[in-house]
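Visitor: I am new to this structure and would like to learn how to read it. Could you take me through it step by step?
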Amino acid sequence: MKKQLTKVFGEARAQVLKCLSRCVLLEGSNAAAESGGFSVELSVETLRQVLKQQQHDVSLAALNLCHTLCMKRGAASIAALLDVLARVFNRHPHRECRAAYQRLLFLAHRDLTPDLTPESKADPKADGSVGDVLRAALLQGLSDSDETLRRAMVAYWHEEVLPTKISDRLIACFADLYARSTEDRWIRLHAFTSGWLYGGRQAG
């Protein structure tokens, strides 16, 4: 499957990806146990190549597979894919694909965050770490060309990332609203915080 996936294209590739997603979903289920149990093995390099394809149906199917992997195996399962996901889908021409990418970011970030103990919070913010890459991608989503997606990203930061206490939120705006890859846009991103600090007004 590792090599065969890169040898099929178009609708055939999309169907293979959908089939893989269903198989990953079945891992650990009663149906899988009845058949002796199984685990889907996927090559990271193959997935990286597939994610680079811009065809709409294939992109959606590949994102759905990543979403399924993250849901079943945790954010660590797609950590090696985050850089290519960001390059391909941050400015993807299809809104539906960017929306699916946004949902994947939310899922991965939620999965990663609860695992952070006070002692380890510094590490995920190190340049190039999973947490750093995820945060950069979430920040980039604040400037999506689609208003609905921008509002969804602002709501996520407001409701799930930034603290509710004003003093803590002010500090978090400087600490969490920064990633080296988005440094050139930090002032613009920081401007969003004026609304968040006083009730989380939505970006328009």
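**Reading the model, feature by feature**

Guide: A cavity is a set of points, on a 1 Å grid over the protein atoms alone, where a 1.4 Å probe fits but cannot get out; lining residues have an atom within 4 Å of a point. Grid points are joined across faces, edges and corners, and a volume is the space filled by probe spheres set on the points. The model is predicted: local features need pLDDT of at least 70, side-chain atom pairs count only at pLDDT 80 or more, and totals for chains, interfaces and linings use all residues. Residues are numbered from 1 along each chain as its sequence is written, and side-chain values use heavy atoms, with hydrogens and water left out.

Visitor: How much space lies in the largest cavity, and which residues are the closest to its centre?

Guide: The largest cavity holds about 90 Å³ of space. Its lining has 13 residues, and R98, Y101, G141, D144 and M153 are the closest to the centre.

Visitor: What kinds of residues make up that lining?

Guide: We sort them by type: Ala, Val, Leu, Ile, Met, Phe, Trp, Tyr, Cys and Pro count as nonpolar, Asp, Glu, Lys and Arg as charged, and the others, Gly among them, as polar. Here the lining divides into 6 nonpolar, 4 polar and 3 charged residues.

Visitor: Which helices supply at least two residues of the lining?

Guide: Helices (H or I, at least four residues) and strands (E, at least two) are DSSP runs, numbered from the N terminus. For this cavity, α6 (95-112), α7 (130-140) and α8 (147-161) each supply at least two lining residues, and α6 gives the most, with 4.

Visitor: How many helices and strands are in the protein chain?

Guide: The protein chain has 11 helices and 0 strands.

Visitor: How do I read "buried", and what share of the residues is buried?

Guide: Buried means under 20% relative accessible area, exposed over 50%, and partly exposed in between (1.4 Å probe, protein chains only). Of the 204 residues in the protein chain, 46% are buried.

Visitor: Why is helix α5 described as largely enclosed?

Guide: In α5 (residues 82-89), 6 of the 8 residues are buried, so the rest of the structure largely encloses this helix. The buried ones are L82, V84, L85, A86, V88 and F89. They pack against α3 (44-51), α4, α6 and α7, where contact means heavy atoms within 4.5 Å.

Visitor: Which residues are buried in helix α9?

Guide: In α9 (residues 166-175), R169, A172 and C173 are buried. Seen down the axis, the buried residues of α9 fall within an arc of 105 degrees, so they line one face of the helix. That arc is taken from the directions from the helix axis to the C-beta atoms.

Visitor: Is A62 buried or exposed?

Guide: A62 is buried, at 5% relative accessibility, and is found in helix α4 (residues 56-73). Leaving out residues up to four places away in sequence, A62 touches L17, V50 and L51. A62 and V16 are 46 residues apart in sequence and 9.7 Å apart in space, C-alpha to C-alpha.

Visitor: Where does E160 lie?

Guide: E160 lies in helix α8 and is partly exposed, with a relative accessible area of 42%. E160 touches R110 and A155, again not counting residues up to four places away in sequence.

Terms used
On a 1 Å grid over the protein atoms alone, a cavity is a set of points where a 1.4 Å probe fits but cannot get out, and a pocket is an open set with protein on both sides within 12 Å along at least five of seven lines; lining residues have an atom within 4 Å of a point.
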